[in-house]
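Colleague: I would like to learn how to read a few features of a helical model, taking them one at a time. Could you give me the general idea first and then the case at hand?

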Amino acid sequence: MAKGIFARMRWLLSLAAMGLTIGVFAQDPVPKQELRVRSLIARGEAYKAMRRCDHLLLKEPGTPRYLVLRSAALNMIGDHRPALRDARRAIGSSPDDPEAWLQCGIALQALAVFDSAEMALRQARAGAFAGDAAYHLAGVLMRTDRAAEACAELDGLITGDPASARAYRERGACHAAMG
């Protein structure tokens, strides 16, 4: 009787291990594709990243990750209206995505819609893109003659990363604007 229980347990364990192995090998290739697009963007190859996103969006229409990445590529080349459209579509599907809010804010800032850009960039401050959002938010605050608020935003960045030369440079510009 005990031997039968152990045999059954071994069978269940091997079945679970086989399921785990199948799960590992059957993972969706989306993260690999996303990393590839991110790599293109990081290297400054915005047009290649856009073409890759277009191809991926043909396979998976409306996928928020690819819309956000295409929006980032469009913002890189200064094509802000389509970037805004893609970012808004991504936000519609995934309203808690800080990267989508960041790309939306960048596009709105470039289009000089500062009140909406500020709101979007404040939404983007959560998560991994907080630093980028803070820089852009400080830029919006400077453009709307709120240098003291921009300095406070940059002070928060400096507190988090005291070695950030960019934050010190931007904060210096804020202080110069305040007089």
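Colleague: Which residues on the other side of H3 are exposed?

Modeller: Bear in mind that this is a predicted model. An α-helix has 3.6 residues a turn, so residues three or four places apart point the same way. In H3, the residues Ala46, Ala49, Met50, Arg52, Cys53, Leu56 and Leu57 are buried. Seen down the axis of H3, these buried residues fall within an arc of 165°, so they line one face of the helix. On the other side of H3, the exposed residues are Tyr47, Arg51, Leu58 and Lys59.

Colleague: What span should helix H3 have, and how far apart are its end C-alpha atoms?

Modeller: Helix H3 covers residues 46-59, and at 1.5 Å a residue its 14 residues should span 20 Å, which agrees with the 20 Å between its end C-alpha atoms.

Colleague: Let us turn to the core. Which residues touch the most other members of the largest nonpolar core?

Modeller: In soluble globular proteins, nonpolar side chains tend to be buried together. Here the largest nonpolar core has 47 residues, and Val37 and Cys104 are the ones that touch the most other members. If residues up to four places away in sequence are set aside, Cys104 touches Leu84, Ala87, Arg88, Ile91 and Ala120.

Colleague: Is Cys151 buried or exposed, and which residues does Cys151 touch beyond those up to four places away in sequence?

Modeller: Cys151 is found in helix H9, and because its relative accessibility is 4%, under the 20% limit, Cys151 counts as buried. Leaving out residues up to four places away in sequence, Cys151 touches Arg171, Cys174, His175 and Met178. Cys151 and Leu141 are ten residues apart in sequence, and their C-alpha atoms are 9.1 Å apart in space.

Colleague: Why does Asp145 count as exposed, and what is the relative accessible area of Ala112?

Modeller: Asp145 counts as exposed because its relative accessibility is 72%, over the 50% limit. Ala112 has a relative accessible area of 44%, so Ala112 is partly exposed.

Terms used. Residues are numbered from 1 along each chain as its sequence is written. This is a predicted model: local features need pLDDT of at least 70, side-chain atom pairs count only at pLDDT 80 or more; totals for chains, interfaces and linings use all residues. Side-chain values use heavy atoms; hydrogens and water are left out. Buried means under 20% relative accessible area, exposed over 50%, partly exposed in between (1.4 Å probe, protein chains only). Helices (H or I, at least four residues) and strands (E, at least two) are DSSP runs, numbered from the N terminus. Contact means heavy atoms within 4.5 Å. The expected span of a helix is 1.5 Å times one less than its number of residues. The arc is that of the directions from the helix axis to the C-beta atoms. A nonpolar core is a set of buried Ala, Val, Leu, Ile, Met, Phe, Trp, Tyr and Cys residues joined through side-chain atoms within 4.5 Å.
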